[in-house]
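Here's a quick briefing to read alongside the model. Have the sequence and the 3D view open as you go.

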Amino acid sequence: MSTPRNDRIRFPGDDEIRPTWVEIDLSAFDRNLAAVAAKLPPGMRTIAVLKADAYGHGAVELAQRCAPELVGMIATATIEEALELRRAHIRLPILALGPGTRQQLQIALDANITLGVPGPEELSLIADIAQEREVVIHLKLDSGMGRMGCVESDLPRVAELLRSAPAIRVEAIYTHLANAGNPADPFTKDQVARFHTLIETLREAGITAENYHLSNSSTTLSGAVMEGNFIRVGLLLLGGAPLDGSAERLEPVMRWRSEIARLKDLPPGHAVGYGTTFFTTRPSRIATLPVGYADGYARAFSNRGEVLVRGRRAPVVGRVSMDLVTIDVTDIPDAQVGDEVVLLGAQGDDEISAEELAKKLDTISYEIFCNVSSRVPRLYLDGDVVRIRSRFEL
Ligand SMILES: *Cc1c(COP(=O)(O)O)cnc(C)c1O
């Protein structure tokens, strides 16, 4: 009784790869893009944040789905990531949030990448480059993150640099919120107010921008901050739940599955795994899965994780090894070699969400997604069409 969804997956050389992969549901991503666009007030547009390979989902593949009617811009963290998208012929405007080195800034401009400018030092480098050509930037203000962005005392220098370099076009001014995951947290209101004060200070110094933006996934979902000309959303588009302690989300895009590679019956009192952290207490059926912490299935799931087999939960027993995980399927007597095992996502009527996994590791779903390593092939599902991205030859 493997899931109907899995039955649909057919690809050339079915047996040629290790049967551990993540499925990326491109039509779910499309629906999420449309659902986000439908939430926005008129005139507001989406910046799809696809940094860190779209949180492990595949930046190129998702960028290819970003229709210009729904997405105004794509954001990456690094300039390398932005260039990767340009090399894949992504034509939408791309914002590299930065920081970048001087040499990277030049290369980024050659590739028509919009620069996120986090402070006067970067602005000064860009002002040099802008002696020779027009440069489009999004200027970042620090309203309370203490990380990237110009603080109040930077503004006179920023204004002076911008006045001295008329070829710099400030397309937008933006800031980032620290506590947006909790809509009740008053810090967000403080940040919004500080952002407006900083914008006003710049305006008095003669610096304005056509656009501004500050909302992320959490504030977009909760509606707590719905102002500006753009929202910047990553997790929401991937179907992660961005609000603290809430399961509210759009459709999950990633599903991580493996298979039972081996099954063995062990007598009571038999050890399992490194460190002998688990001993069977009854006649037990132990399944071995071809996935491990090198794939991003955290070692901290040792004796704590659960996976889905035939729509039912099976506990991880013993330590998670680099390449292998052992689970106890004694209570799923019909389990067989070759059965699908779901580490993240739905199977049958149950689901293991990224938030559930994150809670066990005392982290956030963002990190669960990002941790899925490049050893794990990505299968892109688009209706019945499947494409594979893998580091390895098939
Ligand atoms: C990562 C990031 C975002 C997107 O955050 P989500 O919570 O995934 O929506 C937005 N803005 C900046 C500056 C970021 O670094």
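His89 is found in the loop between α5 (79-87) and β4, where helices (H or I, at least four residues) and strands (E, at least two) are DSSP runs numbered from the N terminus. This is a predicted model, so local features need pLDDT of at least 70, side-chain atom pairs count only at pLDDT 80 or more, and totals for chains, interfaces and linings use all residues. Residues are numbered from 1 along each chain as its sequence is written, and side-chain values use heavy atoms, with hydrogens and water left out.

- His89 isn't a glycine, yet it has a positive phi of about 65°.
- The peptide bond running from Gly98 to Pro99 is cis, with omega near 5°.
- Pro99 has its place in the loop between β4 (94-96) and α6 (102-110).

**Around the ligand**
- There are 13 residues around the ligand, and Lys51, Tyr55, Ser217, Arg232 and Tyr366 come nearest (near means a heavy atom within 4 Å).
- By type, that shell splits into six nonpolar, four polar and three charged residues (nonpolar: Ala, Val, Leu, Ile, Met, Phe, Trp, Tyr, Cys and Pro; charged: Asp, Glu, Lys and Arg; polar: the others, Gly among them).
- A ligand oxygen is 2.5 Å from a side-chain N or O atom of Tyr55.
- Another look at the ligand's oxygen atoms finds one 2.6 Å from a side-chain N or O atom of Tyr366.
- A nitrogen atom of the ligand is 3.5 Å from an N or O atom in the His176 side chain.
- Taken alone, the ligand exposes 390 Å², and the protein buries 92% of that (Shrake-Rupley areas with a 1.4 Å probe).
- Two or more residues of the shell come from each of α3 (51-55) and β9 (230-233).

**Salt bridges**
- Searching the whole structure turns up 28 salt bridges (a side-chain nitrogen of Lys or Arg within 4 Å of a carboxyl oxygen of Asp or Glu).
- One of them pairs Asp295 with Arg18, their closest N and O atoms being 2.6 Å apart.
- Asp295 lies in the loop between β14 (284-289) and β15 (306-309) and Arg18 in the loop between α1 (4-8) and β1 (21-25), so the pair ties together parts 277 residues apart in sequence.

Note on methods: Polar contact = N/O pair within 3.5 Å; in protein donor to acceptor, adjacent residues only side chain to side chain.
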